[in-house]
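Student: I would like to go through the terms used for this model and see what each one rests on. Please set the values against the cut-offs.

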Amino acid sequence: MSTAAGGHAGGVLNPNQVITLGAVGGLAGIYLTMLNQAMDTTIFSFLGGIGAILAAVWGADAVRRVCSYGLGTGVPSIGMMALGMGIVASMFGLSLPEVEPGIPVVAGPIIAFGVAAIIGLIIGIMSNKILKMNIPIMEKSMVEIAGSGALVMIGLSAAIAGSYDFGAIMPAVVETGFIALVFIGGAMTILHPFNACLGPDEKQDRTLMVGIEKGALIMAIAGFASLAVDSMDVISGALTVIVSLVIWIVAFRKFMRYVHRDAHLVTGTGLLPTEEELE
Amino acid sequence: MIDPITIILITLGGVLIGVGVHFIPVGGAPAAMAQATGVGTGTVQLAAGAGLTGLISAGFMYNNLATSGAFTTSDFMLVMASGAVGAMIMITVTMFIGQLIYVYGVGVPPVSAKVKKDPITGDVQDIYVSKGTEGHGVPTVSFVSGTIGGLLGGVGGSMIYVQLMEIVGDPTNSGAVALAGIFATGVFYVNSVLASYNIGGTIEGFHDPKFKRVPKAIISCLIASLLCAIIAVPIMGGVI
């Protein structure tokens, strides 16, 4: 139910640094998949996944800041809402160039990001003004969470389809049903880090490392999914999986180091004694 | 170009979902330890579980009716009924199995701490509440309330889905089906989370004093769903 409030919202990185990392890094990763079209290949699809990881770290940090106030509904709810808003906004942003020929395809992710921020802002304002949640950073956090949700969603879709063009995402991600995977997996990357690490001893670097690690796992799944997409060759999918597994190993080792650093004592207890040993 | 009826019905669907959440007996973490009335998980998980089952059953019915000729108003009613029944089955099964575990596993009587007498059966409640808890299990009134919640959620979800499919008007277009499904899911999550913020995480059903907060949820879900509906119509237009 209620989140264990008491996690202090400070940390190694201040909010603005994380926002810059997530928003700029996420959009850069998504836009760098354009190298695919420029060089007529699909090998650069993994960059979309890296963009998604950076956006997920941002989302996880925003969740961490807002949830330390105690929402009363648990951390998962806000992560599912992030992707709920993100999916609506990103599908709108990406499909708009398709519907209105005057809008260039390049504008898609930016429009999606902007629309997500607007939806987030309105929902944040409603939470405070109508539902009287009285969380001072609610509006700002909702904007961040919705924005990062949209970027995670577009980044992972681009990693699967090789492009953020709606014409490519539609057959590769939506019609195949991988969109459901992106939806739940993307929400996990945003909601799980704080949900797993919350408590009085919560530390920003440890929580965000879980975010990177979760992002790498869902990126690996996106890589596997892209193997089933006709327009993608096997090498690009395999590259996405390999890159994400390398990121995962590095992040997980680092996470374990942080756990050992923050723990009072880490000791091996051995296996449970057998019945004979107890006698 | 944009049909106002479509937008109104999508918005209404979102509001129904938001109201439906208030009927579902959500106990949250305390209920998982049998220290509060309701099913021991969060609002979003319960509402989404029931709502998504409703979407599947509505989608099945829509596919059957729409591919076999023109889609009429009575077909629309049938699809919504199918969605409602699907969601109701899911939520009642969840409550029933939870109840078995509470009664035979944990060993507590299903009882509400918010009312002295069950408004439906008239059974005395307060003397059965264990000390230090806020009730436990799923008493009759909460069970009935949860079923109503499933009905509203299922109707709301299938209403959104059908309206989106009708914009495209081609039930055989797999892209449209997937997009309408995932979009309905997105709207479902936004509305159920807003509603769960309104009840602050836990509620026992329509007899709970927190239920009086429904008007606030209606306003917020109305605004949020309207926003989503205005965005939805061009998305579905992009599929054609």
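Student: Where does A:Asn134 lie?

Tutor: A:Asn134 lies in the loop between α5 (108-129) and α6 of chain A. Helices here are DSSP runs (H or I, at least four residues), numbered from the N terminus. This is a predicted model, in which local features need pLDDT of at least 70 and side-chain atom pairs count only at pLDDT 80 or more, while totals for chains, interfaces and linings use all residues. Residues are numbered from 1 along each chain as its sequence is written, and chains are lettered from A and ligands numbered from 1 in the order in which they are written.

Student: What makes the phi of A:Asn134 worth a remark?

Tutor: The phi of A:Asn134 is positive, about 55°, although the residue is not a glycine. Most residues other than glycine have a negative phi.

Student: Is B:Ala34 buried or exposed?

Tutor: B:Ala34 is buried, because it has 20 C-beta neighbours inside 10 Å. B:Ala34 also has a positive phi, near 55°, and is not a glycine. Its place is the loop between α2 (28-32) and α3 (43-67) of chain B.

Student: How do you know that the span of α6(A) is close to the expected one?

Tutor: The expected span is 1.5 Å times one less than the number of residues. Helix α6 of chain A (residues 138-161) has 24 residues and reaches 34 Å from its first C-alpha to its last, close to the expected 34 Å. Of its 24 residues, 22 are buried, hence "mostly covered". Just after α6(A), A:Gly162 takes a positive phi of about 85°.

Student: How many residues of chain A are in contact with chain B?

Tutor: Two residues are in contact if their C-beta atoms, placed from the backbone, lie within 7 Å. By that test, 37 residues of chain A are in contact with 37 residues of chain B. α4(A) gives the most to the side of chain A that touches chain B, with 14 residues.

Student: What does A:Val88 touch?

Tutor: Not counting residues up to four places away in sequence, A:Val88 touches A:Ile119, B:Phe183, B:Gly186, B:Val187, B:Cys228 and B:Ile231.

Key:
Helix = DSSP H or I, 4+ residues; strand = E, 2+ residues; numbered from the N terminus. Buried ≥ 20, exposed ≤ 12 C-beta atoms within 10 Å, placed from the backbone.
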